[in-house]
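The sequence and structure are shown first.

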Amino acid sequence: MRITGISTHVVGTPWRNLTYVRVHTDEGLTGVGETRMLGRTNALVGYLEEASANHITGSDPFAVEDLVRRMKYGDYGRAGEIVMSGIAVVEMACWDIKGKALGVPVWQLLGGKVTDRVKAYANGWYTTERTPDAYHEAARAVVGRGYRALKIDPFGTGHLELGQEETRYAVSLIEAVRDAIGPDTELMLEMHGRFSPATAVRIAREMAPFAPAWLEEPVPPENLKALAKVAEKVDQPIATGERVHDRIEFRELFESQAADIIQPDVGHIGGILEARKLAATAETHYVMVAPHNVGGSVLTAANLQLAGCTPNFKILEHFNDFADADIKKVVKGAPQVDPATGCFTLSDAPGLGVELDVEAAAEFPQQQARFDLWAEGWEKRQPK
């Protein structure tokens, strides 16, 4: 079997463009992959066009390791976010083809199942007015849909510092959310790399009474010593890693012992197997894995393949019941959270277990998507 080419489909919303790639073969099998780029979708599509000619077309879709190696190193220049994301969408699609050809789900090819259920946490649910009452109501709705975990960034446009008034207001939002969801629902506190170490530590102490399940990206991701400084002074687990695009770059993070949970984005880190290798390294450091998952249903399905065969997999982020939920219809067999358990059930379908509906995808053309975390009202995900 050989790859005859790829086709690229961009599904657009005002705040995110989702890039789907279908890999075609000479035996008629196709596979699909997905990633979500911030402000670089056209660059990704351009890279994929070149990579198709240079590396992908003519390759054996079963030889995933070889194709990834050639795409990553065959152009000599250091692979960054765009290249690693391009690798990821093609890699996912090749696993999809391989699973379909062999009649098994991808998790079966990566070591077999270690769980039947994967706990989900909700994100993108707080697109209401930024008030305690509105957040209380929205959080109650999340729990009403069966979720046992949710995440929120309550810090407005905070950057490096956060004044006392803004801090008190953020605390009031979290107090309202905790009151709405009760003591047993996990509440993840997202900081989006906003703060200096001193500010992050101060805010963590202010939020401690509400029992955050983790503090996510308390400081910008480039300085691991700053992250370690925070980790040494707070009691909550630290989560980070969504903006690291090569598993090799996690080495210093593991050595520092500054993170308790890593959050690789399968759509940016080179795909399913690269993420599985990273998870195995994390396991040797007693670190859990909770992938960043801001994509659509194909990327969610790919993450579930990883979850199914990974012993130290913690929980999976899910946007698609809340922010622009209509895009779920572009994928047939889209994974769903079971409201009775708050979990995804692992699929036994071959490959990724999903298919892109190209006609439905055409109903959501690419947009000039914007997502600026330092702009007023960013949490509504409706940029002007």
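Predicted model: local features only at pLDDT ≥ 70, side-chain atom pairs only at ≥ 80, totals over all residues.

Helix H5 (residues 132-144) packs against helix H6 (residues 164-181) at an angle of about 35°, and their axes lie 8 Å apart. The crossing of the two helices is right-handed. On the H5 side the contact is made by Pro132, Tyr135, His136, Ala139, Arg140 and Val143; the H6 residues that they meet include Tyr169, Leu173, Ala176 and Asp179. By class, this contact comprises 10 nonpolar, two polar and two charged residues.

The model contains 26 salt bridges. Three of them are listed below.

| Salt bridge | N to O distance |
|---|---|
| Arginine 40 and glutamate 81 | 3.0 Å |
| Arginine 145 and aspartate 321 | 3.6 Å |
| Arginine 247 and glutamate 274 | 2.9 Å |

Arginine 40 lies in the loop between strand E3 and helix H1, whereas glutamate 81 belongs to helix H3, 41 residues apart. Arginine 40 is partly exposed, at 38% relative accessible area, while glutamate 81 is buried at 19%, because the limit for buried is under 20%.

Arginine 145, in the loop between H5 and strand E5, is linked to aspartate 321, in the loop between strands E11 and E12, 176 residues apart. The arginine is partly exposed, at 39%; aspartate 321 is buried, at 8%.

Glutamate 274 in helix H10 and arginine 247 in the loop between strand E8 and helix H9 are 27 residues apart. Glutamate 274 is buried, with 6% relative accessibility, and arginine 247 is partly exposed, with 29%. Through shared partners, salt bridges join Glu65, Arg247, Glu274 and Lys277 into one network.

Notes. Residues numbered from 1 in each chain as written. Heavy atoms only, no water. Axes fitted to C-alpha atoms, helices over the stretch in contact; angles between N-to-C directions. Helix = DSSP H or I, 4+ residues; strand = E, 2+ residues; numbered from the N terminus. Left-handed = near helix turned anticlockwise from the far one by under 90°. Contact = heavy atoms within 4.5 Å. Nonpolar A, V, L, I, M, F, W, Y, C, P; charged D, E, K, R; others polar. Salt bridge = Lys/Arg side-chain N within 4 Å of Asp/Glu carboxyl O. Buried < 20%, exposed > 50% of the residue type's maximum accessible area, 1.4 Å probe, protein only.
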